[in-house]
Amino acid sequence: MTDQEQNTESRNGLVIPAHTLPDRLLVLPVYERPFFPSQVQPLVVDAEPWGATFERLQADGQQVLGLCYAGDGDENLDETEQFNRTGCVVRLHNVSVSEGKIQFIAQGLQRFHIKRWLHSEPPFMVEAVYPKEPAADKKDVKAYAMALIQAIKELIPLNPLYSEELKNFLNHFNLNDPSPLADFAAAITTAEGRDLQKVLDTVPLLKRMELVLILLQKELEVAKLQSEIRNEVEQKMSKHQREFFLREELKVIQRELGIAKDDRTADVDEFRERMEELNPPEHVQQRFEDEIRKLSILETGSPEYGVTRNYLDWVSSVPWGVHSFDHLELDDAREILDRDHAGLDDVKDRILEFLAMGAFRGEIHGSILLLVGPPGVGKTSIGKSIAETLGREFYRFSVGGMRDEAEIKGHRRTYIGAMPGKLVQALKDVKVSNPVIMLDEIDKIGSSYQGDPASALLEVLDPAQNGEFLDHYLDLRVDLSNVLFVCTANQLDTIPRPLLDRMDTIRLAGYLAEEKLTIAKTHLWPRLLKDNKVKKSQVKISDSALKALIEGYARQAGVRNLEKLLQKILRKAVVRLLQGEKSISVTNKNLDEFVGQPVFRNESLLQGVGIVTGLAWTSMGGATLPIEAARVHSKTRGIRLTGQLGDVMKESANIAFSYATANAADYGVEPTWFDEAFVHLHVPEGATPKDGPSAGVTMTTAILSLAMNKAPRKGIAMTGEITLTGRVLAVGGIKEKIIAAKRLGIREIILPEACRGDFDELPEHIVSGLTVHFASEYRDVYDVVFSGKRGK
C-alpha cells in the first residue's frame, strides 16, 4: 500500500485499494434500484434470512460485501437467476441488529462481475472479478464531465435533496474524477432500476457517461415540470389565502362602520323581510319568532344552526295568505278548452259546469277532480287548460310508483337531509297558496315498509280536512283548501276506495277516427311543423294519408302513438329535404315509405256457429272481444276454458254454461245435448290476460249457438253480465265499448237495460249510425241474435 493510499484511508476511513478486495465475496440482493460505487447510504435488511451472511462476515473478519440488483422486490431466495451479474462492492460501517432488522451504512467501492456461484443458498457466495476501466480520450471525458456537472448544477436549484447528495459526494470524492462523478450522477436520478443497472453494467467511461447524461436530461425535464406545478399551486394558494384575509378584514371594517352585517344577522334580517311580505296565521308567526330567537343565539358553525336556518328558509318561503285572483268567465273558458282540445265535448261541458258553480259562488275551493281515461287522450293537458282558464299557477308531479309517505307529508326534522313534502314544495315554487296541483298517475301509487302514500293523500284530498294539512317537516298546519287538485288515472280499480270517494270523477273515453283526423290536422301536425321550424309548403300530408295512418297504424284510444308516427314522417321528410328535394307530399300511396307496413289490417269479424263478438273495457280504452265455442267430443259432460281468463271471467263462463244447460229446452236445444257434450270455450289472443264481468251474455250466446248449430246474425256485438236466472246486469265503460265497436265497423249493439241512462248521455256523434238493443233478460238477447228482432 502506498503512502498516499494510507493517508487517504486514515483520513476518511472509507477507501480500500482494489488489489486488497477478496476474490470470494458474500453477496446480498438489493431491490428497486442498484447500488453504485460512489454512494454512501444506510441500508436495512431482515435478520431472517440475511443474519447468516453477517455472521459469516464476522467469522471471516471481513468488512466488505457485494450488493446485486435483484429486480423490483419479488423476492425468491431459492433462485440465483434473480441476481444481475454486475454488482457493487461496499464496505460496512456501524452494523447493528434491532427488532429483527440489521442496519448498516454501505459505502460503494467498486464494480464486480460474478464469475461463478460458490454457494447458491443464503448466505450467497460468489467468485468475483473486478473489471478494469479501459483508457479513454481525455478531451471527450472532460467534455462529458462538464456536461454532467452543468446538468447537476441545473438540478440543484429545483430540489434541495440534490444539494445534500452533492455535499455528501464532495466529502469523499473529487469532482474532477470522472468515473465516480458519472456513478454519482446516475445515483441521484429517479430513473427505473433496469435503466440504472445498464449504467452499472457499463464499464467503459465514455459510454457510461453518455448513458448517465441521457438520464440526467430526463430527470431535469421532470424536475422542471414538478417545479412549475409546485409554483403554480403555491401561487394559487397564496392568492386564495390573500383573498380570504382581505375579505375577513373587509367584513370587520364594514361591521365597525355599520355598513355590513355578520352572517347570522344577515340571515335573521332576510327571513324577517320575507315574512313581512306574507300574511301568516298566528301559530305560524309564533313558531317563526321562536325559531328566530334560537337562531340568534346559535354559533354559525354549529350543526344546529344549519338545521334551524334551513327550517326558517322553508317557513318563510311558503306563500302564507298569498292568493291569485280567479278568472271565472265561462266564454273564455270554452274558448281555451276548444283551442287546446278537439272533441271531448262531454268532458268540456262537465268542466264548464264545475267552473260555473265556482263562478256562482264567487270562488273555487274544496274541489278534487279525477280525470280517468286511456293513455294519450289529453288528461294532463286538460289540467293545464283548467289552470289557464282560472288564471292560476299550475304545478304537476307524478305519484306513480311513490312508496314513501314522506314524499307527501315530509320528513321529520330529526333526520339528516329532511325536507318538506311535495305539496309544500309546490306552494314554494308557485308562490301562491291557491294553485292548480295535478297528481299524475294516481292509480299507480305504491306502498312499502316506509308507509302508504295513498293513505297520506286521504288528508290532502278531503275538503273537510285539507284546510289544516300537517306537514311533518314544518310541523305547522298548512291551508290547502284553496288548492284545486286535479288527479289523473288510467283506471279506477287500483285506486283505494276511500281515496276514490273523495274525488269527483270525469271520464275521458278514446277518440273516434273522425276526431283523430281533426286533432291531427288542427293540433298535432301544425305543432310539429312549428316546433321543428319546417314550412307548411315544404312537407304536406293529405287527408287520405292521415286516415290511412289512423286506421292502419294508430287505432289506440288516444293520440299519443299518432303523434309519434307523425314525428317519424316528419323526420324522414326532413332527411329528404336536406338531400336536395324541394317539397315532399305524403299520401296514402307513399305512406309506407315513411312508416312501414300497416300494423292493423282490415280484418272481417269472425262469423259462424259458436262465434260471437263481445265488447270489453281495458285501461287502454274499449276493445272488441270475440268468443269461440266448440264441441270437443261426446264422451262426457264438461267445459274447458282457455285464453288467460281471470277469475271473474271464469265464473261468468260457468254461469253461462249452467244457464244454457238448465234452459236448453226453452231455446230448442236437444235435451240430451248438454248431457254428452264436452265444450271448449276460448277467447282469442291467448297471450293477453283478460278479466271482468262484461262477457256473460256473449259466452251464453256462443254456447247456445253451438248447441243449436245455428250461427248468430252478422255484424252484431254485445256486452252484459248474466245471472243463473237469466237476468242481464249492468256493466261499465259503455262509451269506450261503443267507440271500439264503431272503430271496427259494427253498427248493431246489445246493451243491458240498466245501461240505458249511460247510453242516453252519450254525444250524438258517437251514437249516430248505430242500432242499439236493450236487454233486461237473456231472452231479449236471444230474440235479437237468432230471431232478428230490431231495436232502437
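Visitor: In what sense do strand E23 and strand E24 pair, and over how many bridges?

Guide: Bearing in mind that this is a predicted model, strand E23 (residues 748-752) pairs with E24 in the parallel sense, and the pairing runs over five bridges. Two strands count as paired if there are at least two bridges between them.

Visitor: What makes strand E24 mostly covered?

Guide: Strand E24 spans residues 771-775, and four of its five residues are buried, where buried stands for a relative accessible area under 20%.

Visitor: Which strands stand at the edges of the open sheet of five strands, and why is one side of each left without a neighbour?

Guide: The order in that sheet is E8-E9-E12-E7-E13, with parallel pairing. Strand E8 (394-398) and strand E13 (504-507) are the edge strands, and because each has a single partner strand, one side of each has no neighbour in the sheet. On average, and with direction ignored, neighbouring strands here are turned by 20° against each other. Within the sheet, strand E7 (residues 368-372) pairs with strand E12 (residues 484-489) in the parallel sense over five bridges, and leucine 371 has threonine 488 in E12 as its bridge partner.

Visitor: Which helix packs on the sheet, and which strands does it touch?

Guide: Helix H15 (residues 422-430) packs there, touching E8, strand E9 (436-440) and E12, and its direction makes about 150° with that of E8.

Visitor: Why is H11 called roughly antiparallel to H13?

Guide: Helix H11 (residues 330-340) packs with helix H13 (residues 379-390) at an angle of about 150°, their axes being 9 Å apart. Angles over 145 degrees count as roughly antiparallel, and therefore H11 is described as roughly antiparallel to H13. H11 passes H13 in a right-handed crossing, with Ala333, Ile336, Leu337, Arg339 and Asp340 of H11 meeting Ser385, Glu388 and Thr389 of H13. Sorted by class, the contact of H11 with H13 has three nonpolar, two polar and three charged residues.

Visitor: What makes H8 and H9 roughly antiparallel?

Guide: The axes of helix H8 (residues 263-276) and helix H9 (residues 282-297) cross at roughly 170° and come within 10 Å. Since the term applies to angles over 145 degrees, H8 and H9 are therefore roughly antiparallel to each other. Among the residues that meet are Phe271 and Met275 in H8 and Phe288 and Ile292 in H9, and the contact as a whole divides into eight nonpolar, two polar and four charged residues.

Visitor: Why does arginine 208 count as buried?

Guide: Arginine 208 lies in helix H7 (residues 205-257). Buried means under 20% relative accessible area, and arginine 208, at 1% relative accessibility, therefore counts as buried. Leaving aside residues up to four places away in sequence, arginine 208 touches Arg111, Glu133, Ser179, Ala182, Asp183, Val199, Thr202 and Val203.

Visitor: How do you know whether glycine 510 is buried or exposed?

Guide: Glycine 510 is in the loop between E13 and helix H18 (513-531). The limit for buried is under 20%, so glycine 510, at 8% relative accessibility, counts as buried. Its contacts, not counting residues up to four places away in sequence, are Pro374, Val377, Glu515, Ala557 and Ile739. The C-alpha atoms of glycine 510 and glycine 378 are separated by 9.9 Å, while these residues are 132 residues apart along the chain.

Methods:
Residues numbered from 1 in each chain as written. Predicted model: local features only at pLDDT ≥ 70, side-chain atom pairs only at ≥ 80, totals over all residues. Heavy atoms only, no water. Axes fitted to C-alpha atoms, helices over the stretch in contact; angles between N-to-C directions. Helix = DSSP H or I, 4+ residues; strand = E, 2+ residues; numbered from the N terminus. Parallel < 35°, antiparallel > 145°, perpendicular 65-115°, else oblique. Left-handed = near helix turned anticlockwise from the far one by under 90°. Contact = heavy atoms within 4.5 Å. Nonpolar A, V, L, I, M, F, W, Y, C, P; charged D, E, K, R; others polar. Buried < 20%, exposed > 50% of the residue type's maximum accessible area, 1.4 Å probe, protein only.
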